[in-house]
Amino acid sequence: MNSITQDMKFRQSLMKYAEKYGVSRASRKYNKTRSFIYFWKSRWDGSVESLATQSRRPHHHPNEHTEAEIKLIKDHRRRCPDLELPELWHRLRKKGYSRCITSLYRVMKKYGMLPHKMEKKKRIVKPYEQMTHAGERVQIDVKVVPRKCIADKELKLYQYTAIDEYTRLRFLYGYEEQSTYSSADFAERAVKWFKRHGITVECIQTDNGFEFTNRFSPSKKDKKTMFEKKLAELGIKHKLIRPYTPRHNGKVERSHREDHNKFYSCHSFFSCNDLNAQLTVRSNRTNNRPMRPLNWLSPIEFFHAHCPI
């Protein structure tokens, strides 16, 4: 018995009073019928545990599986342990089994005949490498501008984002195509923008998209993209994240989610120039907004406080 409930304490008090003063007097005092008191008196052995409410679930059911049916299921399961449930049920029906598949599942679960699920390997999270100064690593990614925000339905727009991991300063720019040409142009613009703010970009981190690298291209694997050539020309290291692991580019991915919820939900664009004009306003706003990771300083304030020029 793990715990003693309030009802059990009440019954114990009732039993002691009935034993001392009789059932009739206990019935009047505790406002319980005599049959109720006799019922619990027959169960009571002096301990409070005997006054616990027992399960009312029946031990047997008129429509439960027969011994022959259970033996048939066990025999088939023993012969074919890797058989899937629908296929096992189909074979049993050929042998005269008339129950539905849900009943078969319950019986197999009761007797432990369901296949054991293989335990998933626990993901070993790589500890995040904290940046020590501005420009040490900049994350870059592309966000597709939602169709509902574009006035011209034939126009496609893409938002390129660069965010410094140390200061969280962001630079945004829009393009009409998602290509390695756009990526190279954005990298050059981003490096100049950070340079104007006194930040020298040392490393740029991206995902494995074809606009950044040919790492997974079947025919151009050894050929460098315009983006990679531009970084080499600028003397910047290019770091690729693990495939299918966007959390490694988490800062820029989170900023894109914020843009989707708070920017693209209430803005529309008529052209790429219009997008860039509104992205400039958006960038200024986010760079001057207090952030919890920066101890409630804005990226601009954090940069001036921790990165004196």
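This is a predicted model: local features need pLDDT of at least 70, side-chain atom pairs count only at pLDDT 80 or more; totals for chains, interfaces and linings use all residues.
**Notebook: R168 and onwards**

I started with R168, which counts as buried at 17% relative accessibility. My cut-offs: buried is under 20% relative accessible area, exposed is over 50%, and partly exposed is in between (1.4 Å probe, protein chains only). R168 sits in the loop between β2 and β3. Helices (H or I, at least four residues) and strands (E, at least two) are DSSP runs, numbered from the N terminus. R168 is not a glycine, yet it has a positive phi of about 65 degrees.

Residues are numbered from 1 along each chain as its sequence is written, and side-chain values use heavy atoms, with hydrogens and water left out.

**Another positive phi**

I looked up Y244 next: it also isn't a glycine, and its phi is positive at about 55 degrees. Y244 is in the loop between β5 (237-240) and α9 (250-262). Is Y244 buried or exposed? At 85% relative accessibility, I put it down as exposed.

R137 is in the loop between α6 and β1, and at 7% relative accessibility it counts as buried. Its side chain makes a polar contact with the side chain of E165, at 2.8 Å. (A polar contact is a pair of N or O atoms within 3.5 Å; within protein, one must be able to donate a hydrogen and the other to accept it, and residues adjacent in sequence count only if both atoms are side-chain atoms.)

N208 is in the loop between β4 (203-206) and α8. I have N208 as buried, with a relative accessible area of 15%. What does the side chain of N208 make a polar contact with? I found the side chain of R215, at 2.7 Å. A polar atom of the N208 side chain also lies 3.0 Å from the backbone oxygen of I241.

**Cores**

Then I went to the largest nonpolar core, which has 29 residues. Such a core is a set of buried Ala, Val, Leu, Ile, Met, Phe, Trp, Tyr and Cys residues joined through side-chain atoms within 4.5 Å. The members touching the most other members are V138, I140, A162, F186, F194 and I204. β1 (138-144), β2 (158-164), β3 (170-175), α7 (180-196), α8 (226-234) and α11 (299-306) each supply at least two residues. Which element gives the largest share? I found α7, with six residues. There is a second, separate core of 12 residues, and C149, Y264, F269 and L275 are among them.

**Two crossing helices**

Last, I checked α5 (residues 85-94) against α6 (residues 101-110): their axes come within 10 Å and cross at roughly 110 degrees. Axes are lines fitted to C-alpha atoms, for helices over the stretch in contact, with angles from 0 to 180 degrees between N-to-C directions. α5 is therefore roughly perpendicular to α6; under 35 degrees counts as roughly parallel, over 145 as roughly antiparallel, 65 to 115 as roughly perpendicular and the rest as oblique. L85, P86, L88, W89 and L92 in α5 meet I101, L104, Y105 and M108 in α6, where contact means heavy atoms within 4.5 Å. I sorted the residues of this contact into nine nonpolar, no polar and no charged. For that, Ala, Val, Leu, Ile, Met, Phe, Trp, Tyr, Cys and Pro count as nonpolar, Asp, Glu, Lys and Arg as charged, and the others, Gly among them, as polar.
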